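This report describes the pockets of one protein model and then its nonpolar packing.

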Amino acid sequence: MTAQAETFTRQPWHELHPVLAALIRSRTEHIVADMTRAIRDEVPAYRRPLDSAVGRDLTESIRRAVLQFAELIEHPDSAQDHHLDHFRHLGRVEFLNGRTTDALQAAFRVGARVGSRRYAEFVQEATLPPATVLTLHEAVLVHINALSNESVKGFLAAQLRSEGEVKRARRALVERLLEPPRGQERAALGPLAERARWPLPGAVASVIVRSAGRFSVPGADGELLSLGRGSDVVLIVPEPETSGLLDRVRDAARGRVAVVGPAVPPHEAWLSLQCARLAVDRRADLPTDGAFLRVDDELAELYLLRGAPIGQLLGRRVLGVFADLPRGRAARLAETLDALLMSWGRTAPEVAQALGIHPQTARKRLRQLETLFGDRLGDPRFRFEALLALRTHALRADAG
């Protein structure tokens, strides 16, 4: 089947006299000028100077449509691929220039109206039967409808290609954002973000949605970046504190577990994700009926968890004096040491209040700590290391 047969299911120009083609050819430039003027008057998208790219494309397409119509009258069964390719290309150009199919189809309708009126004058001039006008109008409508359809095909093909390129760029962008940097150099994000049509924000937060499957946030997919990680979905949320997007993520994730990493500059999105992942991994008892958790208040614990093996080594070095004590006594003294380090004045009443014990009991335990650690209890470096060791031990105990 030829391209023409596929495009024109009805071919009324078989019934038109060839003299019409000759008249159209002889008045082509006048017809083109009339159509161009009407389209520019009635369709705002094409009100550009005639010597601009838009003006030249418009004039050339009108001229081609008029000459093709004459060609179809002269040779109804001739191949039309070259014309159809032009109008598909016109559709692609319209998409790339940011115009819509609405403007394009409006221009075709205006052109058809002007053409029908001018061609009807030729029927009278050639003294053809008046009924010829009806066939002529039908031919114009079939012709313009076919050209409009070809242009829309070109427009949609360009749109799909562009959307595919945007999707690939968005995936590349989110993968780069979530990949820890190698060395000190960071690749520029601007060009990739531009191709992904994702304006770089001042801050982002990474969100893990557990067991999300096909997860989306209605109306916000264009603003969010997302990537599947196993059964989870990772989202990158721009401007999490001010955009309102986190509230929409919370609503969409209702019934699921979602963990939000801290807000960071875009090039540190991977760090926000690490925090969210550590927070997920440290919780063995995540609720099955959904939860929306933020990790901003857990950064110290997450930091210690990240270096837990070193914290364990530090604990053996700093708190090794407890190793030879009975387990219960060692636990009580470790608890007392923690309360002492966290107190302002490091007095027995403060420690007693923190632990809920009698001040005399607190004094007794403090004396035991002085026996074990001596002057080190007054050393800021030791106090810092001891506090890290105690916190790491507590985290490991909570993790089971």
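Which element provides the largest share of the lining of the largest pocket? That share, 8 residues, comes from α16. The model is predicted: local features require pLDDT of at least 70 and side-chain atom pairs pLDDT 80 or more, while totals for chains, interfaces and linings use all residues. Residues are numbered from 1 along each chain as its sequence is written, and side-chain values use heavy atoms, leaving out hydrogens and water.

A pocket is an open set of points on a 1 Å grid over the protein atoms alone, where a 1.4 Å probe fits, with protein on both sides within 12 Å along at least five of seven lines; lining residues have an atom within 4 Å of a point. A volume is the space filled by probe spheres set on the points.

| Pocket | Volume | Lining by class |
|---|---|---|
| Largest | about 650 Å³ | 11 nonpolar, 6 polar, 6 charged residues |

Among the 23 residues lining the largest pocket, Leu-319, Phe-322, Ala-334, Leu-390 and His-393 lie nearest its centre. In the second largest pocket, Arg-170, Asp-221, Leu-224, Leu-225 and Ser-226 are the closest to the centre, and α7 gives the most to the lining, with 4 residues.

Note on methods: Helices (H or I, at least four residues) and strands (E, at least two) are DSSP runs, numbered from the N terminus. Ala, Val, Leu, Ile, Met, Phe, Trp, Tyr, Cys and Pro count as nonpolar, Asp, Glu, Lys and Arg as charged, and the others, Gly among them, as polar.
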